[in-house]
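Subject: A structure for you to explore

Hi there,

Here is the structure I promised to pass on to you. Have a look at it first, and then read on for what turned up in it.

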Amino acid sequence: MGNIKSNLKWAALFACICALCAGLIALRHYFVAPGGKAVIKQNGEIIRELSLSEDYEITVKSDDGGYNRVRVKDGSIAVVDADCPDRLCVNQGYISSGELPVVCLPHKLSIEVMSNDNEVDSVTGVPMKGGEQ
């Protein structure tokens, strides 16, 4: 009987820890303010800085004659259409934080959301300075 009580205590402790972790992850994503701007780079150079506060769409032309259609919507940004062969950039979807960039390798294009001053690095947990990645 004592063995069952011990196992139940460990199971309850494990369930509480899992619930706490899930709650913290949910709160982090719920309360993180979206970045104020996104930077579009082509061939490693900044070609545009876009505000994420309004909804709009632009087309970025590449040197090889191709294009990427970029949409800003609800504080997020994505490549919604492109003429690259694999269209992986389109499949990446919308981003709203500096955790991962949207990348189109055939057109040498990358889109990064610049971090707010109060945001922390998602890997190290260290506060980042504005725009630092």
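Let's start with a charged pair: Arg69 and Glu57 meet through their side chains in a salt bridge, with 3.6 Å from N to O. Arg69 belongs to strand β4 and Glu57 to strand β3, so the pair links distant parts of the chain, twelve residues apart. Please keep in mind that this is a predicted model.

How far from the solvent are these two? Arg69 counts as partly exposed because its relative accessible area is 27%, between the 20% and 50% cut-offs. Glu57 is partly exposed too, with a relative accessible area of 38%.

Glu57 also forms a salt bridge with Arg71, and here the closest N and O atoms are 2.7 Å apart. Since Glu57 lies in strand β3 and Arg71 in strand β4, this pair ties together parts that are 14 residues apart in sequence. Arg71 is partly exposed, at 31% relative accessible area. Lys41 counts as partly exposed, at 25% relative accessibility.

**How the strands pair**

Strand β3 (residues 56-61) pairs with strand β4 (residues 67-73) in the antiparallel sense, over six bridges. If you look across this pairing, you will find Ile58 opposite Val70 in β4. The hairpin of β3 and β4 has five residues between the strands, and Gly65 in this hairpin takes a positive phi near 90°.

Strand β4 has a partner in β5 as well: the two pair in the antiparallel sense over six bridges. Here Val70 stands opposite Val79 in β5. Two residues lie between β4 and β5 in their hairpin, and Asp74 in the turn has a positive phi of about 55°.

Is strand β5 enclosed or open? Strand β5 (residues 76-82) is largely enclosed by the rest of the structure, because six of its seven residues are buried.

**The whole protein**

Let's step back for a moment. The protein has two helices and seven strands, and from the N terminus on its elements run α-β-β-β-β-β-α-β-β. Of its 133 residues, 29% are buried. Among the contacts with a separation of 6 or more, 28% are between residues 24 or more positions apart. The protein exposes about 8,700 Å², and carbon and sulfur atoms supply 59% of that area.

Which residues form a nonpolar patch on the surface? They are Trp10, Leu13 and Ile17, which together have about 340 Å² of accessible area. Trp10 sits in helix α1 (residues 2-31) and is exposed, with a relative accessible area of 58%.

Gln42 lies in strand β1 and is buried, with a relative accessible area of 9%. The side chain of Gln42 reaches the backbone oxygen of His107 at 3.4 Å. Leaving aside residues up to four places away in sequence, Gln42 touches Ile47, Val60, Lys61, Ser62, His107, Lys108 and Leu109.

Then try Gly93, in the loop between α2 (88-91) and β6 (102-104). Gly93 and Ser76 are 17 residues apart in sequence, and their C-alpha atoms are 9.5 Å apart in space. Again leaving aside residues up to four places away in sequence, Gly93 touches Ile77, Ala78 and Val102.

Enjoy exploring!

Best wishes

Methods: Residues are numbered from 1 along each chain as its sequence is written. This is a predicted model: local features need pLDDT of at least 70, side-chain atom pairs count only at pLDDT 80 or more; totals for chains, interfaces and linings use all residues. Side-chain values use heavy atoms; hydrogens and water are left out. Two strands pair if DSSP finds at least two bridges between them. Helices (H or I, at least four residues) and strands (E, at least two) are DSSP runs, numbered from the N terminus. Buried means under 20% relative accessible area, exposed over 50%, partly exposed in between (1.4 Å probe, protein chains only). A salt bridge is a side-chain nitrogen of Lys or Arg within 4 Å of a carboxyl oxygen of Asp or Glu. Contact means heavy atoms within 4.5 Å. Accessible areas come from the Shrake-Rupley method with a 1.4 Å probe; for residues, only the protein chains shown count as cover. Patches are made of residues with over 30% relative accessible area and no salt bridge: like charges are joined within 9 Å, nonpolar side chains (Val, Leu, Ile, Met, Phe, Trp, Tyr) within 5 Å. A polar contact is a pair of N or O atoms within 3.5 Å; within protein, one must be able to donate a hydrogen and the other to accept it, and residues adjacent in sequence count only if both atoms are side-chain atoms.
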